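Open the model in your viewer and keep the sequence panel beside it. The tour below goes from one selection to the next and says what is there.

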Amino acid sequence: MEILSAHDVSFTYPESSTTALKKINVNIQKGDFVVLIGASGSGKSTLLRLIKQDIAPHGKKHGSFCFQGKQLEEHAPLTMAKEIGMVFQDPENQIAMDNVMEELLFGLENLGYSTVEMRKKVAEMVHFFGINHLLNQKVSELSGGQKQLINLASVLLLEPTVLLLDEPTAQLDPIAAKEFLYTLQRLNDEFGITIVIVEHRLEDLFAIANRVIMLEKGRILYDTAPRKIIYELMSHETMRLFLPSPSLLYLNYTERLHIGDIPLTANEARSWLQKKRITSKESSEALSSSKMTKPILELKEIDFQYTKSSPPILHNLSLSVHNGEWLAIVGANGTGKTTLLKILGGILKAQHGTIKYCGKKVKHIDPKKIGYLPQNPKLFFMQDTIKKEFLYIANYHRLENADVRIEFLLDKFQIHHLQDRHPYDLSGGEMQKAALIGVLLVKPSILLIDEPTKGLDPKAKEIFGELLLTLKKEGLTIIMVTHDIEFAAKYATRCSMLFQGEITVTENTSLFFQENNYYTTVMNRITRNSHIPPVVTLEEARQKWHIIRDS
Amino acid sequence: MAHNKGLLIGISIFLLVILVSFPLLNNQHYMLLSFIIMLASFLPFMIRFSRRKILTRELVVLAILAAIAAVSRVPFSSLPSVQPTTFVIIVAAVTLGPQSGFVIGTLAAMVSNLFLGQGPWTPWQMYAWGMIGLMAGLLGKTWLMQSKLGRCIYGFVVGFLFGWIMNFWFIVGVMQEINWQAILLYYSGSFYFDLAHALSNVFFLFLFSKSWMNIIQRFKVKYGLFPTSDTEAQYSFKKFL
Amino acid sequence: MVRGFKSFHPIVLLVYYIFLIAGLMLYQHPVFLFVAGCFVTLINLLLDGGKQIKKWGLMIFIMCIFSIILTPLFNQRGNQILFYVFNNQVMLEGIIQGVMIAFTLFGIIAIFITFNMVITPEKFLFLFSKWFPQWALLIMLSMRFVPLLRRRLKEIQEVQQLKGVSVKNGNIKQRAKNGMLIIQILLTWSLEESIQTGDSMTARGYGFGKRSKYQPFYMRKRDLVALGYIVCTGLTVLFGWWLGDGVLTLLPILEPVWLQGREWFYLAVWLLFIGFPIWTEGKERLKWRYFRRTT
């Protein structure tokens, strides 16, 4: 049964010469799980917001949407608020109330339910989500993943038939993101809620969805089943990066493609690989053991706690960082990754332990030698254009020839055309580049980065990764804290695991992930414990594998 | 409606004048009366806003500006007696209009008291900040608020006025007897704080009022918030003067 | 204690506090004020063992001493000169008034300390939302933002510190300036983000129809009984004041401080009224003590 449809929808933003959406026609069936994909600026978020008309952007709209056979405008606004639920990207900003209970009640109160009805509905929902223990908590005490689940529950309490989601996992760590997506799957499977989700992180989503719609420059390019679209996108320049790694592996090593055979999960890829015979190429046996340069930074026995009575965050931590390497520090939430970075950056001061810079013991590292790129680049900016910001920094540090350097970096990072924009009007990737320029102006020798891939789409991620790689080749030492295993596996020289405030292991990236059982990349999960040589990334497979024949 | 509003504003200003100059008029039940006068000039606005329909986004913006005013004290914890709350209320009121100014001022007082604990001063503080916001909003389009000098003058005056009203809870609630010397003594006790408040208002308004007003204005235009009603009130008040 | 004083319906509690504050301000008589002070202290002890009032202790003490010393110096109306200080006559009336001011001050502050323990923000908002729903919602939104803004401020401070913008460096002018720059970033950032909060509220149907309000509190029979008790004793207290009992006449002729005749009756009612939390909270205490002994 058709539940939601768009008929010839076009849309133009005010003061914009190009149309954001062109002649969109879609029919969504009841019980569909639809993923909307596309590069940034393709119009997918615009489309989603137009369906939710109360928060639709201003602009010129042609065509119409129908919900259950009637145009959206013909339904009462309150019915539409109830029937079409929406979850947004940022878990924090969606919350309006002070504690969890109030937040869950918020939508019900808007619809005018009585106290008795509200109690019953909330009781059911709390049971479904298993969030009884959170009910009396303040929202400020929740983790990002918990917040997003509360947002979802709060929308579901209105019993929507269609659920729209605008990049709901972009700000979550991988484990919370997975949990969130599985909840969506359950809602779709068990209750038949129709789901339309805009998402960049597609590793798990293709296996859950039954339909994928791809937009490009405001038009629908494909609208088909997940395997089919993977086949179509394998040669697409940017969208190729969005595909899940099991599928990419298949596409890379199969001559005669069968769309139905394309694996979507690690398990499917593993059974496909069983039919293959692969050996290692001899040349790559001698794995380029990166020669150890002199350590630029050495930490010994670092202890840190916020107050005397609070539990220690870092305890007896030792770490050495080599000159010119890219070190990734990984680990679960709350293990002290960001704290460690802040100590290196001189924001926090360790209570115990020593820091050596270039072999010399120092109290704290010279701030000019170290740059810190925060997790949220927004709070880096103070001026109303990015150029002004750079001049301010140059002026503060009394840099000579600042103009030349600013011009040089703007060109190098390809954001010269944005120099007079307000920082908040830039996209996530652009803002990050701008903040990075601000950090690099003083020519630091060590760059600290906190969670650089959060909220970036795969394309922006790749651009940023390559950019950092160039900087590394020019001699910059990079220390990165991240949850993004795939990103670390692709770019980092070495990886360190932080656990209980201590570095438990530091290893060359490839070795690090090969030795891990659970905390590792999808490629490694597919290939480990099998008859084929284990690899960590697709690139590594390309270098290492020698395919004999299909069995 | 506009007529109604003008009348309301006129009456409340009249009452404000009476209240502030109140201890000058010796009266038998000043305690009760002053409280009633305060409520009379205060409640109409509370009720008016309660009934007004405003956009959800506008509601959130008012809430966040009040919260900013309330937490703005935090970074200055190492600098005693620097009090930026009044500054935030004034610049927000000038840009968004009298009604919003009133709401932000009142709300900032209420919220900070809910976190720090209510006291007998709560209603007076709500009143003082609410009125500072209301007046700044009304004067928004006049010379006083459009020039930096004018804003600084306003900030200096309200810095003292705020202290004057805040001390009321003690005078009417505890002293009960209007006694000039005692009142003077009490006010001289708070003089240092009031002066610091007035001077920090001037300092912040002088250095930051322009950029803050630009930021709020840019935001207001970008999202088309608070379009007409309040600005109209500002212009009509300017004409009235 | 689930059934103690705090468990009554917020309206019952609010009415109690209104009568209590009015009574304290109206009964300007040393004996009435003194017993009120004792009872309020006892309520404090019952509610939290006197922890909160201890924090205020020094400040209350200093203010009381000041008013006892200074009032007689400035209030020189009266008939009974006791002694001279720097050629100023000190009257008995002045001293009595100073003592009454000190008692009132102590009483008000002690009452508000219990008020903050009893009327929690949750109950406060409940009361507010009954009469001013839009305001209550605004307050809730704002309260939700406060911890968020504090966290953002901390993040901003940490990042800006590396760029040299800090409230810890430089002279007072520079520090104040840096502090405001930090709040300015908070402003720009938070305004932008607040749009999303508004959208999420609209998406959940805010602003389309008449809102209902979840009622975490409802009136039970015991609440009504309590309300009846408070209103009856409270009104009697006010009536007593209207008759002129419980107010010490200082001028033109100082009335004897010790109570006479009918005043004893109103003192008793006054104590019955103030004591309401003591009866209810005390009963629970006894019950628990008994419970522990028998099990």
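A polar contact here is a pair of N or O atoms within 3.5 Å; within protein, one of the two must be able to donate a hydrogen and the other to accept it, and residues adjacent in sequence count only if both atoms are side-chain atoms. By that rule, chain C and chain A share 27 residue pairs in polar contact, with both residues at pLDDT 80 or more. The pLDDT condition applies because this is a predicted model.

**Stop 1: chain C against chain A**

Select chains C and A and hide the rest. On this boundary, 44 residues of chain C are in contact with 56 residues of chain A. The two chains bury about 4,500 Å² between them, and 57% of that is on carbon and sulfur atoms. To see where chain C loses the most area to chain A, pick Lys163(C), Arg204(C) and Tyr214(C); together they make up 20% of what that side buries.

Next, look at charged pairs. The rule finds ten salt bridges across the interface of chain C and chain A. For an example, display Lys213(C) and Glu109(A): they form a salt bridge whose closest N and O atoms are 3.3 Å apart.

Now colour chain C by element. The side that touches chain A takes two or more residues from each of α6 (133–162) and α7 (172–203) of chain C. The largest share, 16 residues, comes from α6(C). Sorted by class, this side of chain C has 18 nonpolar, 13 polar and 13 charged residues.

**Stop 2: chain C against chain B**

Select Glu192(C) and Lys222(B) to see a salt bridge with its closest N and O atoms 2.7 Å apart. Between chain C and chain B there are also eleven residue pairs in polar contact, both residues being at pLDDT 80 or more.

**Stop 3: Gly198(C)**

Stay on helix α7 of chain C and centre on Gly198(C), which is found there. Is Gly198(C) buried or exposed? Its relative accessibility is 0%, so Gly198(C) counts as buried. Leaving out residues up to four places away in sequence, Gly198(C) touches Thr56(B), Arg57(B) and Val60(B). Then draw a distance from the C-alpha atom of Gly198(C) to that of Val85(C): the two residues are 113 residues apart along the chain, and the atoms are separated by 65 Å.

**Stop 4: Thr280(C)**

Move to helix α10 (residues 276–294) of chain C, where Thr280(C) lies. Thr280(C) counts as buried because its relative accessibility is 13%, and the cut-off is under 20%. A polar atom of the Thr280(C) side chain lies 3.1 Å from the backbone oxygen of Pro277(C). Apart from neighbours within four places in sequence, Thr280(C) is in contact with Gly4(C), Phe5(C) and Phe8(C).

**Stop 5**

Show Cys38(C), which is in no disulfide; the nearest cysteine sulfur, that of Cys64(C), is 13 Å away. Cys38(C) is partly exposed at 37% relative accessibility, whereas Cys64(C) is buried at 13%.

**Stop 6: Thr520(A)**

Finish in chain A. Thr520(A) is found in the loop between α17 (509–515) and α18 (522–527). Thr520(A) is buried, with a relative accessible area of 0%. Its side chain reaches the backbone oxygen of Phe513(A) at 3.2 Å. Not counting residues up to four places away in sequence, Thr520(A) touches Ile485(A), Phe513(A) and Arg525(A).

Terms used:
Residues are numbered from 1 along each chain as its sequence is written. Chains are lettered from A and ligands numbered from 1 in the order in which they are written. This is a predicted model: local features need pLDDT of at least 70, side-chain atom pairs count only at pLDDT 80 or more; totals for chains, interfaces and linings use all residues. Side-chain values use heavy atoms; hydrogens and water are left out. Contact means heavy atoms within 4.5 Å. Buried area is the accessible area (1.4 Å probe) that two parts lose on being put together, summed over both. A salt bridge is a side-chain nitrogen of Lys or Arg within 4 Å of a carboxyl oxygen of Asp or Glu. Helices (H or I, at least four residues) and strands (E, at least two) are DSSP runs, numbered from the N terminus. Ala, Val, Leu, Ile, Met, Phe, Trp, Tyr, Cys and Pro count as nonpolar, Asp, Glu, Lys and Arg as charged, and the others, Gly among them, as polar. Buried means under 20% relative accessible area, exposed over 50%, partly exposed in between (1.4 Å probe, protein chains only). A disulfide is a pair of cysteine sulfur atoms within 2.5 Å.
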